[in-house]
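Here are a few exercises to work through with the model open beside you. Try each task before reading its solution.

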Amino acid sequence: MLIIGIAGGTGSGKTTVVKKIMSSFPAGEVAIIPQDSYYKDSSHIPIEERNKINFDEPGAIEWSLLVEHLNMLKNGLSIEMPTYSYLTCTRQKETIHIDPCDVVIVEGILVLADPVLRQMMDVKCFVDADADDRLIRVIARDCIERGRTPQMVIDRYEGVLKPMHCLYIEPTKRFADLIIPQGGTNAVAIGLLTDYIEGQLRRIKK
């Protein structure tokens with residue numbers, strides 16, 4: 001099983017990159033493990049305090065569970081991946097069943113920040129994008145999907161996203177085997193990564 005890590009700032013285009021890679025493979029051959037599914041459960045915290053939680057630093061993620069699930073998949077075992085609600089900031093009762101497969105893509109802003117997880121990856125990628133472009137995408141996404149106003153998004157960007165990006169996310173670029181500038185529009189870089197995955201799969205299956 002190949003484990004591909006795809007990191008990058010919020011709004012950098014990671015999801016687009018993942019979707020384009022997946023479109024090159026048959027259904028069931030690639031599984032996606034979003035880092036966001038492994039946010040620590042905060043349902044026991046009052047909602048007014050929950051809204052103050054910093055979700056853009058490594059301590060917000062239950063890395064041990066993510067690593068455990070990846071090891072289970074590598075050993076041929078299925079997992080029940082947790083789900084997380086951005087609206088309530090809590091882990092949900094529902095899980096997503098994932099069977100072992102040939103390729104697992106671990107995607108999220110901080111997936112290159114954890115040394116244990118990083119060591120498990122066969123390829124480490126960092127999706128790079130201009131800060132203004134990332135902010136525009138975040139405003140569009142959060143207003144539509146997460147019920148926030150543009151001003152709420154801008155305030156959060158200035159107070160949390162930007163400083164956390166500089167402190168925790170941008171420094172992980174040095175761990176990347178492949179940096180993908182311009183996010184999902186970089187067809188050449190995405191093609192190179194897809195070709196590499198296909199080549200490794202052919203080698204494994206021989």
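**Exercise 1. Find the neighbours of strand 1.**
Task: Which residue in strand 6 stands opposite isoleucine 6?

Solution. Isoleucine 6 faces cysteine 125 of strand 6. Step back to the pairing as a whole: strands 1 and 6 run parallel and are joined by five bridges. Strand 5 also runs parallel to strand 1, again with five bridges, and there isoleucine 4 has isoleucine 105 as its bridge partner. Two terms apply here: strands are DSSP runs of E with at least two residues and helices are runs of H or I with at least four, numbered from the N terminus, while two strands pair if DSSP finds at least two bridges between them.

A word on the source: this is a predicted model, where local features need pLDDT of at least 70, side-chain atom pairs count only at pLDDT 80 or more, and totals for chains, interfaces and linings use all residues. Residues are numbered from 1 along each chain as its sequence is written, and side-chain values use heavy atoms, leaving out hydrogens and water.

**Exercise 2. Judge the cover of strand 1.**

Solution. Seven of its seven residues are buried. Now sort them by face. In a regular strand, side chains alternate between the two faces of the sheet. One side of strand 1 carries Leu2, Ile4, Ile6 and Gly8, and the other carries Ile3, Gly5 and Ala7. Both faces are covered.

**Exercise 3. Read the buried side of helix 1.**
Task: Which residues of helix 1 are buried?

Solution. Within residues 14–22, the buried ones are Lys14, Val17, Val18 and Ile21. They lie on the same side of helix 1 because they span an arc of only 100 degrees around the axis, taken from the directions from the helix axis to the C-beta atoms. Next, look at the cover: it includes strand 1 (2–8), strand 2 (30–34) and helix 7 (187–205), where contact means heavy atoms within 4.5 Å.

**Exercise 4. Describe the lining of the largest pocket.**
Task: Which element gives the most to the lining of the largest pocket?

Solution. Helix 1 does, with six residues. The lining has 41 residues, and Thr10, Asp36, Tyr86, Arg141 and Arg146 lie nearest the pocket's centre. Helix 5 (131–145) is one of the elements that supply at least two lining residues. On a 1 Å grid over the protein atoms alone, a pocket is an open set of points with protein on both sides within 12 Å along at least five of seven lines, and lining residues have an atom within 4 Å of a point.

How values were computed
Buried means under 20% relative accessible area, exposed over 50%, partly exposed in between (1.4 Å probe, protein chains only). On a 1 Å grid over the protein atoms alone, a cavity is a set of points where a 1.4 Å probe fits but cannot get out, and a pocket is an open set with protein on both sides within 12 Å along at least five of seven lines; lining residues have an atom within 4 Å of a point.
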